[in-house]
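These notebook entries record what I looked up in the structure shown below. I took the topics one at a time.

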Amino acid sequence: MAVPPSARRPLSELRTYSLGYFRPPFKAVYADYITYEQYRHEFMKEDRARAALLRGGILWRLALHSLGFDILPSVLIGISQDAVPFGQMLSLNGETHFDDDLSEEEVDFICGTYYVYTNNGCIEKLSWWPRPQAWAGSGLDVGFWSSRCEDWFQKCLENIHQGVSCRRNSSDNNGPVNNTRWKQGLKFNAVTKKFKKNLDTACSNFLATKASGKSLFVVCCTPLISSQLSRTTR
């Protein structure tokens with residue numbers, strides 16, 4: 001469909017969601033996590049936030065934690081009203097298609113990211129949950145949300161609720177960490193990365209050979225294979 005240039009709008013016109021910028025020393029406490037969760041629940045009520053569910057991985061699971069599993073069928077109904085002015089645009093076979101998307105700042109926000117100035121003037125990102133850069137290629141990134149992923153998620157939630165200090169002057173090291181720390185904590189089985197790479201290659205080959213020449217759009221909601229999942233996720 002033809003879309004006039006005026007229909008596309010800069011992302012700066014969208015409401016900004018952020019946990020903010022801080023100077024050292026910075027220490028997040030349990031009350032900060034509760035505030036972050038409340039803000040995330042609010043953001044996920046935005047129609048365009050369905051893009052988080054389409055991303056899969058940790059973004060998918062955090063979105064479900066805010067919205068509940070009953071929301072999944074509605075993700076496939078269609079794009080939000082923000083998709084044309086702010087979403088991603090794809091031209092294929094002379095047609096223009098749109099879908100909802102997330103900005104980098106919104107992805108950071110969903111993962112509970114704080115921007116902390118370092119002593120040399122740089123900015124370090126500390127997050128309650130691993131950002132996609134740390135999740136990708138990790139020992140849990142197997143192409144679907146496995147029972148092991150769910151066990152890890154529930155254990156992290158429990159650690160946050162029981163292990164994060166309520167006092168800013170405490171000496172414990174619990175709380176949001178940087179990408180390097182997350183990557184170190186998500187290594188697990190070393191062969192997972194190779195498995196995921198082979199899986200991606202097989203999928204790409206299938207689409208190139210079996211779906212070649214077709215205007216095929218596939219939306220995959222990450223399959224959930226843990227029988228222990230609770231449907232009460234808020």
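**Entry 1. A glycine in a loop.** I began with the cut-off for burial: a residue is called buried when its relative accessible area is under 20%. The model I consulted is a predicted one. I then looked up glycine 87, which sits in the loop between helix H5 (83–86) and strand S2 (88–92). Its relative accessible area is 10%, so glycine 87 is buried. I also noted a neighbour in space: aspartate 99 is 12 residues away in sequence, while the two C-alpha atoms are 5.6 Å apart.

**Entry 2. From aspartate 99 to arginine 50.** I next asked which side chain aspartate 99 meets in a salt bridge. The partner is arginine 50, at 2.9 Å from N to O. Aspartate 99 belongs to strand S3 (residues 95–99) and arginine 50 to helix H2, so I recorded a link between distant parts of the chain, 49 residues apart. Because its relative accessible area is 12%, arginine 50 counts as buried.

Entry 3. I followed glutamate 104, which forms a salt bridge with lysine 125; their closest N and O atoms are 3.2 Å apart. Glutamate 104 is in helix H6 and lysine 125 in strand S5 (residues 123–127), so this pair ties together parts 21 residues apart in sequence. Glutamate 104 is partly exposed at 47% relative accessibility, and lysine 125 is partly exposed at 21%. Lysine 125 also meets aspartate 108 in a salt bridge of 2.9 Å, N to O. Since aspartate 108 lies in helix H6 and lysine 125 in strand S5, that pair joins parts 17 residues apart in sequence. Aspartate 108 is buried, at 2% relative accessibility. Through shared partners, Glu104, Asp108, Lys125 and Arg131 are joined into one network.

**Entry 4. Helix H3 and its cover.** I asked how many of the 11 residues of helix H3 (residues 57–67) are buried. The count is nine, and the helix is mostly covered. Among the buried residues I listed Ile58, Trp60, Leu62, His65 and Ser66. The cover over the buried residues of H3 includes helix H1 (30–43), helix H2 (50–55), helix H4 (72–75), helix H6 (104–110), helix H7 (132–135) and helix H8 (147–163). Just after H3, I found glycine 68 with a positive phi of about 90°.

**Entry 5. H1 against H3.** I looked up how these two helices are arranged. Their axes come within 9 Å and cross at roughly 90°; H1 and H3 are therefore roughly perpendicular to each other. In the contact, Tyr36, Glu37, Arg40 and His41 of H1 meet Leu62, His65 and Ser66 of H3. I sorted the residues of this contact into two nonpolar, three polar and two charged.

**Entry 6. The nonpolar core.** Lastly I asked which residues have the most contacts inside the largest nonpolar core. They are Ile110, Trp128, Trp129 and Trp152, in a core of 43 residues. At least two core residues come from each of H1, H2, H3, H6, strand S4 (113–117), H7 and H8. I then listed contacts of tryptophan 152, leaving out residues up to four places away in sequence. Tryptophan 152 touches Ile58, Trp129, Pro130, Trp135, Leu140, Trp145, Trp182, Leu186 and Phe188.

Key:
Residues are numbered from 1 along each chain as its sequence is written. This is a predicted model: local features need pLDDT of at least 70, side-chain atom pairs count only at pLDDT 80 or more; totals for chains, interfaces and linings use all residues. Side-chain values use heavy atoms; hydrogens and water are left out. Buried means under 20% relative accessible area, exposed over 50%, partly exposed in between (1.4 Å probe, protein chains only). Helices (H or I, at least four residues) and strands (E, at least two) are DSSP runs, numbered from the N terminus. Contact means heavy atoms within 4.5 Å. A nonpolar core is a set of buried Ala, Val, Leu, Ile, Met, Phe, Trp, Tyr and Cys residues joined through side-chain atoms within 4.5 Å. A salt bridge is a side-chain nitrogen of Lys or Arg within 4 Å of a carboxyl oxygen of Asp or Glu. Axes are lines fitted to C-alpha atoms, for helices over the stretch in contact, and angles run from 0 to 180 degrees between N-to-C directions. Angles under 35 degrees count as roughly parallel, over 145 as roughly antiparallel, 65 to 115 as roughly perpendicular and the rest as oblique. Ala, Val, Leu, Ile, Met, Phe, Trp, Tyr, Cys and Pro count as nonpolar, Asp, Glu, Lys and Arg as charged, and the others, Gly among them, as polar.
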